[in-house]
Amino acid sequence: MKRPEKEAVVAQLTEQFRNADAVYLTEYRGLTVPQVSELREKLGRDTSYTVAKNTLARIAAKEAGIEGLDDLLKGPTAITFVKGDFIEAAKTLRDFAKTNKALVISGGYADGTVYDAEGAKKLADLMSRPQLLSKFAGDLKATTAKAAYLFVALPTKAVRTIDALREKQEKAA
């Protein structure tokens with residue numbers, strides 16, 4: 001590649017790094033073109049899977065303000081740029097790597113933190129945002145139901161106690 005082409009690639013990668021909510025680095029050696037196409041399809045429209053030269057990716061990451069990826073950019077590297085829910089992308093990569101041993105997750109970057117291979121795999125074990133929101137809503141509903149039960153239980157118990165006392169006095173009289 002000539003210098004102007006390299007500068008254009010660096011500019012494009014820098015823009016992708018800046019616009020991404022998360023970045024995952026994978027080693028793709030041994031994957032066939034149909035397998036890479038399948039992975040891209042599974043990752044969805046908000047995610048791009050790009051093969052890039054490590055040197056150019058290092059320069060672009062630094063220009064985008066991301067430090068710490070240098071150690072992860074070794075060997076044939078593909079970069080997954082994620083916009084939106086990066087937990088779902090991590091799960092997709094993990095599941096794809098289980099069925100296609102040639103794909104190796106090298107690490108990632110999300111929320112200002114660089115993750116090694118283990119850290120990136122642990123991100124996949126987290127619940128996604130919709131799952132967390134539904135769990136929170138369920139917990140909130142359960143807590144509200146318990147509070148409503150308690151608020152109703154006290155007056156109900158008081159009414160029953162007063163009613164029982166009244167019946168006891170009527171029987172005694």
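This is a predicted model: local features need pLDDT of at least 70, side-chain atom pairs count only at pLDDT 80 or more; totals for chains, interfaces and linings use all residues.
Local features require pLDDT of at least 70 and side-chain atom pairs count only at pLDDT 80 or more, while totals for chains, interfaces and linings use all residues. Residues are numbered from 1 along each chain as its sequence is written, and side-chain values use heavy atoms, with hydrogens and water left out.

- Five residues from domain 1 and four residues from domain 2 form the contact (heavy atoms within 4.5 Å).

**Interface between the domains**

- Domain 1 and domain 2 bury about 220 Å² between them, with 42% of it on carbon and sulfur atoms; buried area is the accessible area (1.4 Å probe) lost when the two parts are put together, summed over both.
- Of the area that domain 1 buries against domain 2, 76% is supplied by Asp85, Glu88 and Lys91, more than by any other three residues.
- Between domain 1 and domain 2 there are zero salt bridges (a side-chain nitrogen of Lys or Arg within 4 Å of a carboxyl oxygen of Asp or Glu).

**Ala147**

- Ala147 counts as partly exposed because its relative accessibility is 27%, between the limits for buried (under 20%) and exposed (over 50%), with a 1.4 Å probe and protein chains only.
- The C-alpha atoms of Ala147 and Arg166 are separated by 29 Å, and the two residues are 19 residues apart along the chain.
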